[in-house]
Amino acid sequence: MNALILKLLGQRIALALLSLLAVSVVVFAITAVLPGDAAQEQLGQDATAEALAALRAQMGLDVPAPRRYLHWLGGLLSGNLGVSSTTQLPVSELIGSRLPNSLLLAAVAALFSVPIALSLGVAAAVWRGSWFDRAASTGAVAVVSVPEFLVATLAVLVFAVQLRWLPALSYVADIESLGQLLRAFAMPVLTLCCVIVAQMMRMTRAAVIDQLEAPYIEMVRLKGASPLRIVLAHALPNAVGPIANAVALSLSYLLGGVIIVETIFNYPGIAKLMVDGVSQRDMPLVQACAMLFCSAYLILVTTADLFGIVANPRLRHR
Amino acid sequence: MSTITTPGGFAGRPASPWFARLAQFGATGWIGIAVIAFWALAAIVGPALLSRTGAAGGGAVFAPISADHWLGTDYLGRDMLARVIEGARYTVGVAFVATLLASGIGTLLALLAAATGRWIDAALSRGLDTLTAIPSKMFALLMVAGFGSSVPMLIATAAVIYVPGAYRMARALAVNINALDYVTVARTRGERTGYVMLREILPNIAGPMLADLGLRFVYVVLLLASLSFLGLGVQPPAADWGSLVRENIGALADAGSSVIVPSLAIASLTIAVNLVIDNLPGHSARERGVR
């Protein structure tokens with residue numbers, strides 16, 4: 001660690017915070033400013049001027065948009081996320097009850113997919129051009145180029161319908177034993193894993209191949225080192241940065257994946273909450289969920305950047 | 001690189017690069033082109049060729065494949081073949097228009113950024129970077145929450161989401177071209193910015209941008225299908241392939257054709273486009289994982 005690295009890290013983190021601020025402007029603009037007058041929409045075309053003014057005052061629409069934005073942002077920062085317009089419950093309460101479910105799902109999926117993806121990716125890179133590499137790469141391209149819900153549908157078809165190993169839907173409410181937990185989680189986690197493993201494997205493979213084709217590896221090979229030693233002792237330590245980068249970036253695909261997976265398996269998580277919020281046009285809920293997802297996304301992408309900086313030896317020894 | 005001269009062709013003029021590339025296509029590339037052509041034809045002339053429309057219901061619900069219903073029936077007893085063909089219009093058509101818009105706008109903005117001064121470039125790059133800080137599905141959900149979901153709305157949403165990607169790709173290419181001597185010559189000659197953008201730079205980035213267009217088309221198809229699958233995309237009674245999977249998810253329990261067929265349709269289209277791109281000579285965009 002030296003001053004240069006610290007400075008770069010600081011810059012990346014400041015940039016991420018700035019992006020988050022810009023994202024909050026976009027989120028607020030799309031949900032609360034651009035669609036037009038929410039009071040007019042709620043009351044219809046033939047509402048009286050008095051009724052409109054009263055509803056606007058009640059909804060806080062009588063103040064100009066920039067001030068509404070600042071008020072909303074202040075609430076967001078102080079943890080006051082507003083009240084859901086359909087259920088009349090505080091949004092923070094709704095999110096609080098669903099967030100642990102989603103985090104658990106994401107954590108379990110990450111726990112399984114990271115080791116599988118890394119070993120597949122490294123193996124495919126080492127034996128590149130072999131039948132194994134071709135099969136793994138083709139499989140990964142196939143999974144990446146179909147929608148997540150298709151992977152989920154296929155998984156249900158194979159494991160729940162044909163083989164009858166697992167239940168098609170997951171309900172977290174009636175879980176008593178570890179076995180039930182595993183059975184309920186199996187399908188959503190399996191689907192998420194497929195999507196992430198495919199992404200991560202491709203990126204890991206590219207990162208390791210990048211190193212294996214470098215001149216210093218040829219030197220190691222000429223020196224007579226065994227293939228295992230070439231990969232483990234020489235190539236991998238240099239590929240740690242790009243691989244960590246790939247892991248963090250691939251995990252950001254979790255965010256898109258959970259939206260589909262929670263809906264198809266009826267899993268009571270935060271993404272299902274948001275999709276329901278969107279179909280009922282429950283703006284406070286949608287805004288809060290969107291900010292939560294965008295923050296998580298920015299954290300993962302920034303982490304990927306930070307790994308890249310810290311693991312770059314040229315920056316470390318200066 | 002081999003060039004094919006057209007018989008009795010114009011002096012010194014090589015055959016079109018696209019023709020030359022098609023001749024080098026592998027078998028998988030041709031399979032991809034065939035599948036894409038099939039779905040494009042189905043979208044354009046398909047509904048006119050069918051003896052029944054997807055709106056006519058009344059048959060047995062979730063009927064299996066039979067001589068009468070080639071692909072079975074859906075959850076209201078409507079003919080699946082007709083529904084899938086009509087769905088092709090939405091899936092292929094909406095995605096195609098959205099992709100054209102995204103790539104077109106992205107390329108034009110990139111040309112503008114490369115050919116004009118530093119300020120426009122910086123402002124455009126920063127502004128579009130902000131959009132990429134929002135995951136694509138999240139942005140789509142926000143747009144649907146704000147503006148509801150109609151077909152023009154879906155096209156606009158998908159176009160906005162994929163403009164930054166197309167812009168970044170085109171800008172990287174255009175900046176390189178802009179630094180070449182013949183562009184400087186054109187400027188010195190006194191050509192206007194518009195001429196430099198469209199006549200000097202654009203023809204030289206068109207090839208890679210077309211490959212990028214194909215890739216972006218796949219993303220748009222996936223995004224719109226996912227949105228429809230969530231019930232937030234194309235609204236009933238119209239249906240794209242994503243909505244067809246959603247509508248008929250009840251047939252999943254007995255592996256009915258009505259849920260499998262639209263799934264296969266989506267997969268065949270996206271994989272076909274991928275096959276074609278893989279067979280293009282300069283398909284490096286994929287390897288770099290630009291998304």
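Chain B contains 11 helices and zero strands, where helices (H or I, at least four residues) and strands (E, at least two) are DSSP runs numbered from the N terminus. The structure is a predicted model, in which local features need pLDDT of at least 70 and side-chain atom pairs count only at pLDDT 80 or more, while totals for chains, interfaces and linings use all residues. Residues are numbered from 1 along each chain as its sequence is written, and chains are lettered from A and ligands numbered from 1 in the order in which they are written.

Along the sequence, chain B reads α-α-α-α-α-α-α-α-α-α-α. Of its 291 residues, 45% count as buried. A residue is buried if 20 or more other C-beta atoms lie within 10 Å of its own, exposed if 12 or fewer, and partly exposed in between, with C-beta atoms placed from the backbone. Two residues are in contact if their C-beta atoms, placed from the backbone, lie within 7 Å. Among the contacts in chain B with a separation of 6 or more, 68% are made by residues 24 or more positions apart.

The largest nonpolar core holds 162 residues. Such a core is a set of buried Ala, Val, Leu, Ile, Met, Phe, Trp, Tyr and Cys residues joined through C-beta atoms within 7 Å. The residues with the most contacts inside this core are Ile196(A), Cys294(A), Leu142(B), Ala158(B), Val220(B), Val221(B) and Leu224(B). Helix α8 of chain B (residues 193–229) gives the most to the core, with 18 residues. In soluble globular proteins, nonpolar side chains tend to be buried together.

Two residues of chain B illustrate the packing. Leu224(B) touches Thr91(B), Val94(B), Ala95(B), Leu154(B), Ala158(B), Gly233(B), Asp240(B) and Gly242(B), leaving aside residues up to four places away in sequence. Ala95(B) is found in helix α3 of chain B (residues 80–115) and is buried, because 26 other C-beta atoms lie within 10 Å. With residues up to four places away again not counted, Ala95(B) touches Phe217(B), Val220(B), Val221(B) and Leu224(B). Ala95(B) and Ala158(B) are 63 residues apart along the chain, and their C-alpha atoms are separated by 7.9 Å.

The contact between the chains takes 41 residues from chain A and 34 residues from chain B. On the side of chain A that touches chain B, at least two residues each are supplied by α1 (3–33), α6 (131–144), α7 (148–162), α8 (178–212), α11 (253–264), α12 (270–279) and α13 (283–310). By class, this side of chain A has 31 nonpolar, seven polar and three charged residues. Here Ala, Val, Leu, Ile, Met, Phe, Trp, Tyr, Cys and Pro count as nonpolar, Asp, Glu, Lys and Arg as charged, and the others, Gly among them, as polar.

One part of the contact pairs α1(A) with helix α5 of chain B (residues 136–147), whose axes come within 7 Å and cross at roughly 30°. Axes are lines fitted to C-alpha atoms, for helices over the stretch in contact, and angles run from 0 to 180 degrees between N-to-C directions. The two helices are therefore roughly parallel to each other, the term used for angles under 35 degrees. Val27(A), Ile30(A) and Thr31(A) in α1(A) meet Leu142(B), Met143(B), Ala145(B) and Gly146(B) in α5(B). These residues divide into five nonpolar, two polar and no charged.

The buried residues of α1(A) are Ser19(A), Val23(A), Ser24(A), Val27(A), Phe28(A), Ile30(A) and Thr31(A). They pack against α4 (65–77) and α13 of chain A, together with α4 (118–132) and α5 of chain B. In α5(B), 11 of the 12 residues are buried, so the helix is mostly covered. Its buried residues pack against α1, α11, α12 and α13 of chain A, together with α6 (151–178) and α8 of chain B. Just after α5(B), Gly148(B) takes a positive phi of about 75°.

Two further residues of chain A are partly exposed. Ile309(A) lies in helix α13 of chain A and counts as partly exposed because it has 18 C-beta neighbours inside 10 Å. Ile309(A) and Ile5(A) are 304 residues apart in sequence, with their C-alpha atoms 7.1 Å apart. Arg281(A) is placed in the loop between α12 and α13 of chain A; with 18 C-beta neighbours inside 10 Å, Arg281(A) also counts as partly exposed. Its phi is near 50°, a positive value in a residue other than glycine. Most residues other than glycine have a negative phi.

How values were computed:
Angles under 35 degrees count as roughly parallel, over 145 as roughly antiparallel, 65 to 115 as roughly perpendicular and the rest as oblique.
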